[in-house]
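Subject: Structure for your attention

Dear colleague,

Please find the sequence and structure below. A short account of what was found follows.

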Amino acid sequence: MSDRDDIIDLTIAYTWALDTRQFADLRHVFHPDATADLRGKACNGADEIITRIGRSVARFDATQHIVGNHQVHIDGDTATCRCHLQSQHTKYGLEGGENMLIGGMYLDRLVRTAGGWRI
């Protein structure tokens with residue numbers, strides 16, 4: 001696979017980890033020193049990012065995250081990737097409706113490591 005394919009596959013691996021609740025798999029997605037701005041909350045390090053994401057997703061009975069329209073720019077051992085996100089979150093018995101549809105985009109910076117690309 002090309003670097004571009006590897007990066008796109010990484011963004012998809014992220015969604016599978018969320019939707020299957022395999023949060024430990026996110027350690028293969030994020031660099032240990034990753035930083036993130038998650039809905040206005042600054043997270044420093046993969047552990048903090050994974051904890052925050054895991055807590056958010058675990059509140060729901062089911063989720064489905066879909067990413068597309070990837071735009072990848074590679075410069076040696078660094079890269080950027082932006083893609084659109086659409087996700088459905090389900091919480092059974094929620095007053096006002098059980099399903100929520102969310103849209104947005106991911107803007108990621110990546111680095112090539114011995115284990116492959118990491119956000």
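Strand S5 supplies the largest share of the lining of the largest pocket, namely 10 residues. Helices (H or I, at least four residues) and strands (E, at least two) are DSSP runs, numbered from the N terminus. This is a predicted model, in which local features need pLDDT of at least 70 and side-chain atom pairs count only at pLDDT 80 or more, while totals for chains, interfaces and linings use all residues. Residues are numbered from 1 along each chain as its sequence is written, and side-chain values use heavy atoms, with hydrogens and water left out.

The largest pocket has a volume of about 1000 Å³. A pocket is an open set of points, on a 1 Å grid over the protein atoms alone, where a 1.4 Å probe fits, with protein on both sides within 12 Å along at least five of seven lines; lining residues have an atom within 4 Å of a point. Grid points are joined across faces, edges and corners, and the volume is the space filled by probe spheres set on the points.

In total 35 residues line this pocket, and Tyr14, Asp37, Leu38, Arg39 and Tyr106 lie nearest its centre. Two or more lining residues come from each of helix H1 (3–19), strand S1 (35–38), helix H2 (46–58), S4 and strand S5 (99–113). By class, the lining has 18 nonpolar, 10 polar and seven charged residues (Ala, Val, Leu, Ile, Met, Phe, Trp, Tyr, Cys and Pro count as nonpolar, Asp, Glu, Lys and Arg as charged, and the others, Gly among them, as polar).

There are two aromatic pairs (rings of Phe, Tyr and Trp, the last by its six-membered ring, with centres within 6.5 Å; planes under 30 degrees apart are stacked, over 60 edge-to-face and the rest tilted). The ring centres of Tyr14 and Phe30 are 6.0 Å apart and their planes stand at 90 degrees, so this pair is edge-to-face. Tyr14 and Tyr106 also form an edge-to-face pair, at 5.4 Å centre to centre and 85 degrees between the planes. This second pair links helix H1 with strand S5, its residues being 92 apart. Tyr14 and Phe30 are buried, as is Tyr106 (under 20% relative accessible area, 1.4 Å probe, protein chains only).

Finally, strands S3 (residues 62–75) and S4 (residues 78–90) pair in the antiparallel sense over 12 bridges (DSSP must find at least two bridges for strands to pair). S3 and S4 form a hairpin with two residues between them, and Gly76 in the turn has a positive phi of about 70 degrees.

Notes:
Buried < 20%, exposed > 50% of the residue type's maximum accessible area, 1.4 Å probe, protein only.
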